[in-house]
Amino acid sequence: MNTTVNLNKPLAILFLGLAAVAVHAGDSGRTFITPPGADPKTAAPFSIGVMVDGTFYVGGHLGVDPATGKVPPEAEAEARLVLESVKQTLERGGLSMSDLVSVTVYCTDLDLYDKFNAVYRSYFKDNYPARAFVGAAKLVRGAHFEIAGVAVKPKRR
């Protein structure tokens, strides 16, 4: 059974500046969140999020400005954009930032650690997910940050 759901509110900031507006559920019991109008022959070969048995895998996200299609020069602005992108992808999967259990941040300049953390703190209320902050020589689109993660859907009580 394949289903497509119109999510009405377009996602403004995502990897490559694309908006996620479709959820595709396949026979495998997995739910895939993909960019709109993605032609399987030419689109990047990955989903921006996949739900499997209550675990949501967040694909790598960049902080691309949707107005320019570029990464902003200020580290704090880029950090906000990438975290908003992750947040909105989680919301499309029916989750929130508080459902994240693991986050990996790739960064091209480890001197940006404190600037990134200042923004990162504002996206969480109580507990932080487990996290790795990994140095990378270079990221696509000239980004300073790329974030991937894993979230778990809360059990009903």
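User: In what order do the elements of the chain run from the N terminus on?

Analyst: This is a predicted model, in which local features need pLDDT of at least 70, side-chain atom pairs count only at pLDDT 80 or more, and totals for chains, interfaces and linings use all residues. Residues are numbered from 1 along each chain as its sequence is written, and side-chain values use heavy atoms, with hydrogens and water left out. Helices (H or I, at least four residues) and strands (E, at least two) are DSSP runs, numbered from the N terminus. The chain has two helices and eight strands, and the order is β-β-β-β-β-α-β-α-β-β.

User: Which residues of helix α2 are buried?

Analyst: Buried means under 20% relative accessible area, exposed over 50%, and partly exposed in between (1.4 Å probe, protein chains only). Asp114 and Ala118 are exposed. In α2, which spans residues 113–120, the buried ones are Phe116, Asn117, Val119 and Tyr120.

User: Why do the buried residues of α2 line one face of the helix?

Analyst: The arc is that of the directions from the helix axis to the C-beta atoms. Seen down the axis of α2, the buried residues line one face because they fall within an arc of 165°.

User: What is the angle between the planes of Phe116 and Phe133?

Analyst: Rings of Phe, Tyr and Trp (its six-membered ring) pair if their centres lie within 6.5 Å; planes under 30 degrees apart count as stacked, over 60 as edge-to-face and the rest as tilted. The whole structure holds seven aromatic pairs. Phe116 and Phe133 form a tilted pair, 5.7 Å centre to centre, with the planes at 55°.

User: How many residues apart are Phe116 and Phe133?

Analyst: Both Phe116 and Phe133 are buried. Phe116 lies in helix α2 and Phe133 in strand β7, so this pair links distant parts of the chain. Their separation is 17 residues.

User: Which element gives the most to the lining of the largest pocket?

Analyst: On a 1 Å grid over the protein atoms alone, a pocket is an open set of points where a 1.4 Å probe fits, with protein on both sides within 12 Å along at least five of seven lines; lining residues have an atom within 4 Å of a point. The largest pocket has a volume of about 330 Å³, a volume being the space filled by probe spheres set on the points, which are joined across faces, edges and corners. Of its 17 lining residues, the closest to the centre are Met97, Ser98, Tyr123, Phe124 and Lys125. With three residues, the element that gives the most is α1.
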